[in-house]
Amino acid sequence: MYRDIFEEEMARGSVFKDQSKLSPDYVPGELVHREEEFRELIRLFRSVLEDRASQRVLITGSVGVGKTALTLRFGEEFESVAKKKGLDLTYVHINCRKQGTPPMVLHKLTSNLPLGVPRRGFTPQELMERVVDYLKKRDAYLTVTLDELDYFVRQNGPDLLYSLTRTAEESGGPSRLSMIATAHSSNFLDRVDDATKSTFMHNSIDLDKYNAEQLADILKQRMKVAFKSGMVEEGTIELISDISARRGDARFALELLWFAGRIASQGEVEEVSPNHVRKAKSKIHPGIRREVLGDLSKHELLFLLGLSRRLKISDGAYSVTGDVEEAYKVVCEEYGEEPRTHTQFWKYIGRIENLGLIDTELAGEGYRGRSQRISISDAPPDMMEDEIEELLDNLYKK
Ligand SMILES: Nc1ncnc2c1ncn2[C@@H]1O[C@H](COP(=O)(O)OP(=O)(O)OP(=O)(O)O)[C@@H](O)[C@H]1O
Ligand SMILES: [Mg+2]
């Protein structure tokens with residue numbers, strides 16, 4: 001019997017040619033509708049190639065507008081053009097949300113440079129001085145993207161950014177370190193020193209949200225490489241781009257296409273139709289950012305699960321911290337975990353708010369001192385609950 005089932009499953013067709021082309025980590029060789037911004041970056045960075053100057057540029061834009069994709073593609077191209085011009089230039093891309101602390105960012109920044117010194121035990125300032133010395137000796141240049149710098153500065157303050165900019169400037173000769181920062185908005189610059197703020201403000205590129213037509217073009221480009229030909233119905237792309245246009249978020253659009261494709265592959269394989277998209281839409285929500293949830297610790301997930309459940313049963317959009325902490329403790333018991341302390345609980349709230357997953361506001365003085373109202377920023381609590389339960393199940397399986 002199992003042999004039959006096996007053969008039946010293996011013989012089943014698939015709508016996909018290559019699913020990996022739809023994964024969030026995949027960056028297409030060519031970005032659709034970002035040529036103007038790519039040109040703008042070249043204009044801003046040509047002085048690095050021609051005059052050996054340094055540059056600092058800020059790229060802003062909401063979720064899924066291509067900040068990461070654009071900087072990665074630019075950096076790759078920039079490095080290779082520089083090499084052709086005989087310039088020893090290295091591009092480093094750092095996700096500052098993932099490399100969440102100053103030592104981690106510095107480690108990533110220096111990991112490919114043979115500095116010849118142990119990296120531990122140096123202050124950021126000292127380590128940066130080594131980097132600058134190294135670049136000077138080698139007559140080399142470094143361009144680094146600090147991706148999601150807004151999150152990092154809210155979490156860690158501006159000191160690291162200050163060290164990075166200052167060491168370069170104080171080294172005497174020309175600055176060999178150029179920087180691209182990405183952020184959802186320029187608000188985080190209020191926390192950095194005036195000089196750095198003003199440089200970034202003068203060299204900034206804002207990526208607009210994609211409209212429905214642009215999203216359709218992005219989807220079609222991906223459809224060609226991810227699906228077998230003729231397996232996606234015409235109306236499918238149109239529906240996905242209409243649904244996603246309000247946010248202008250290409251990641252959500254691509255996720256919907258992928259999910260719709262997977263639904264179409266179940267049972268009798270059919271062409272991916274608008275109906276599959278509607279089903280996919282009921283299962284995924286743009287506010288549930290899997291790449292962000294995936295980086296949370298076990299207790300942060302338990303906290304969010306408690307909050308989701310609490311919000312599900314209460315009518316309001318908000319719940320007060322005391323109630324959420326109770327819900328967190330119940331969840332801990334269910335998963336056989338010892339709840340973390342009250343102080344730690346407040347730290348989770350701070351970090352998860354910085355990640356943009358929850359909103360808090362002051363609710364006045366409670367019996368334990370401060371009390372806040374908390375809500376999930378952008379997703380229905382029941383969908384958040386499902387998502388986190390799945391993540392936790394996977395964690396406990398390991
Ligand atoms: N112009 C484009 N052409 C093709 N694919 C694109 C384009 N813009 C974005 N994408 C794809 O959409 C997804 C989201 O893009 P990206 O990760 O660059 O967004 P982001 O602005 O960095 O979002 P976040 O703020 O969440 O970091 C990626 O899979 C990316 O490859
Ligand atoms: Mg990004």
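**Note on the ligand 1 site**

1. A polar side-chain atom of Lys67 sits 2.7 Å from an oxygen atom of ligand 1. This is a predicted model. At Val32, a backbone N or O atom is 2.6 Å from a nitrogen atom of ligand 1. At Ala69, a backbone N or O atom is 2.8 Å from an oxygen atom of the ligand.

2. On its own, ligand 1 exposes 630 Å². The protein buries 97% of that area.

3. Which elements give two or more residues to the shell around ligand 1? They are helix H3 (67–84), helix H9 (212–226) and helix H11 (250–265).

4. The shell counts 24 residues. Val32, Lys67, Thr68, His184 and Tyr210 are the closest. By class, 12 residues of the shell are nonpolar, 6 are polar and 6 are charged.

5. Now the record. An unreviewed UniProt entry lists Val65, Gly66, Lys67, Thr68, Ala69, Tyr210 and Arg222 under "binding site".

6. Is Val65 buried or exposed? Its relative accessibility is 0%, so Val65 counts as buried. The cut-off for buried is under 20%.

Terms used. Residues numbered from 1 in each chain as written. Chains lettered and ligands numbered in written order. Predicted model: local features only at pLDDT ≥ 70, side-chain atom pairs only at ≥ 80, totals over all residues. Heavy atoms only, no water. Near = heavy atom within 4 Å. Polar contact = N/O pair within 3.5 Å; in protein donor to acceptor, adjacent residues only side chain to side chain. Areas by Shrake-Rupley, 256 points an atom, 1.4 Å probe, with all protein chains shown as cover. Helix = DSSP H or I, 4+ residues; strand = E, 2+ residues; numbered from the N terminus. Nonpolar A, V, L, I, M, F, W, Y, C, P; charged D, E, K, R; others polar. UniProt positions renumbered as here; feature names shortened; annotations may be inferred. Buried < 20%, exposed > 50% of the residue type's maximum accessible area, 1.4 Å probe, protein only.
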